[in-house]
Amino acid sequence: MISDVDIVVVDDPARVVAERLAATAGAGGHVALAGGSTPRAAYEIAAGLQSNWTAVELWWGDERCVPPDDERSNYRLAKTALLDRVQAGAVHRMRGELGREQGALLYERELGLLERLDLVLLGLGPDGHVASLFPEQPTLDETERRVVGAEAKLEPFVDRITLTLPVLCGAREVLFLVAGSEKAVAARAAFAGDPSRATPGSLVRAQDGRTAAVLDAAAAELLTAA
Ligand code: 6PG
């Protein structure tokens with residue numbers, strides 16, 4: 001069963017996502033960036049496609065509880081691959097250095113009256129986690145708070161701050177970027193399986209908007225076979 005996700009399998013998923021990010025930057029709105037390693041190329045390409053990001057407010061889906069100049073920082077990834085190369089507008093960094101509880105509280109306050117995000121970019125962990133929402137964790141049951149602290153269940157084993165499911169699913173557009181054969185099993189579970197706490201990626205769908213997953217052939221191998 002293929003669920004309600006637009007599955008896009010291409011040779012260069014980073015470019016497809018970069019074009020979507022650049023278009024959104026031009027149109028304006030609230031965009032939540034993803035962490036991990038896969039988005040780096042997409043951010044670099046997007047910076048080349050659109051130099052003016054003043055109309056967009058940038059947020060993060062999650063952050064590792066490290067200083068912003070730490071190589072594990074999701075902010076640092078976006079800064080070096082995107083922000084340092086464009087004219088940026090408002091940048092809402094998660095303050096990982098404050099720790100998971102204080103950092104989450106501060107970001108909840110920073111979200112303030114924001115009703116919904118326009119675009120959420122998400123990666124997918126080999127275990128099916130998204131942002132820092134890990135399989136079978138109580139963070140998946142959060143319905144009140146928009147931001148929570150989380151314990152890492154995968155490298156890097158540092159505490160995390162993460163947006164919760166209601167915020168992710170409340171976005172106008174949810175965009176997954178997934179590459180590599182090590183993600184094939186998780187991609188099938190997330191995009192072709194039933195919603196399950198064992199695969200947080202299967203729980204993230206834009207409630208009244210578009211959900212798309214952009215994958216390379218290796219990550220989509222088991223999906224296209226489904
Ligand atoms: C994080 C991410 C996380 C990431 C996946 C995939 O902080 O680690 O936000 O959700 O998207 O772990 O990571 P890779 O792109 O490195 O495979």
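Mentor: Let us begin with the side chain of Ser 202, which reaches the backbone oxygen of Thr 199 at 2.6 Å. This is a predicted model, in which local features need pLDDT of at least 70 and side-chain atom pairs count only at pLDDT 80 or more, while totals for chains, interfaces and linings use all residues. Residues are numbered from 1 along each chain as its sequence is written, and side-chain values use heavy atoms, with hydrogens and water left out.

Trainee: What makes the approach of Ser 202 to Thr 199 a polar contact?

Mentor: A polar contact is a pair of N or O atoms within 3.5 Å; within protein, one must be able to donate a hydrogen and the other to accept it, and residues adjacent in sequence count only if both atoms are side-chain atoms. The distance from Ser 202 to the backbone oxygen of Thr 199 is 2.6 Å, and therefore it lies within the 3.5 Å limit. A polar atom of the Ser 202 side chain also lies 2.8 Å from the backbone nitrogen of Ser 196.

Trainee: Why is Ser 202 called buried?

Mentor: Buried means under 20% relative accessible area, exposed means over 50%, and partly exposed is in between (1.4 Å probe, protein chains only). Ser 202 has a relative accessible area of 3%, so it is buried. Ser 202 is in contact (heavy atoms within 4.5 Å) with Ala 189, Ala 190, Asp 194, Pro 195 and Ser 196, leaving out residues up to four places away in sequence.

Trainee: Where does Ser 202 lie in the chain?

Mentor: Ser 202 is in the loop between H6 and S11. Helices (H or I, at least four residues) and strands (E, at least two) are DSSP runs, numbered from the N terminus. Arg 205 is also placed in the loop between helix H6 (184-192) and strand S11 (210-215).

Trainee: Is Arg 205 buried or exposed, and how do you know?

Mentor: Its relative accessible area is 12%, so Arg 205 is buried. The Arg 205 side chain reaches the backbone oxygen of Gly 201 at 3.1 Å.

Trainee: Why does Phe 157 count as exposed?

Mentor: Phe 157 has 56% relative accessibility and therefore counts as exposed. Phe 157 lies in the loop between strand S8 (147-150) and strand S9 (160-163). Pro 156 is found in the loop between S8 and S9, and a cis peptide bond, with omega about -10°, joins Glu 155 and Pro 156.

Trainee: Why is Glu 19 called partly exposed?

Mentor: The relative accessible area of Glu 19, a residue of helix H1, is 41%, so the term is partly exposed. Glu 136 is partly exposed as well, because its value is 45%. Glu 136, in the loop between S7 and S8, has a positive phi near 60° although it is a residue other than glycine.

Trainee: What makes Ala 131 worth a remark?

Mentor: Ala 131 has a positive phi of about 45° and is not a glycine. Ala 131 is in the loop between S7 and S8, and it is buried because its relative accessible area is 12%. Ala 131 is also one of the residues that come nearest to the ligand, together with Ser 37, Thr 38, Asp 62 and Lys 183, out of 15 around it. A residue is near a molecule if one of its heavy atoms lies within 4 Å of it.
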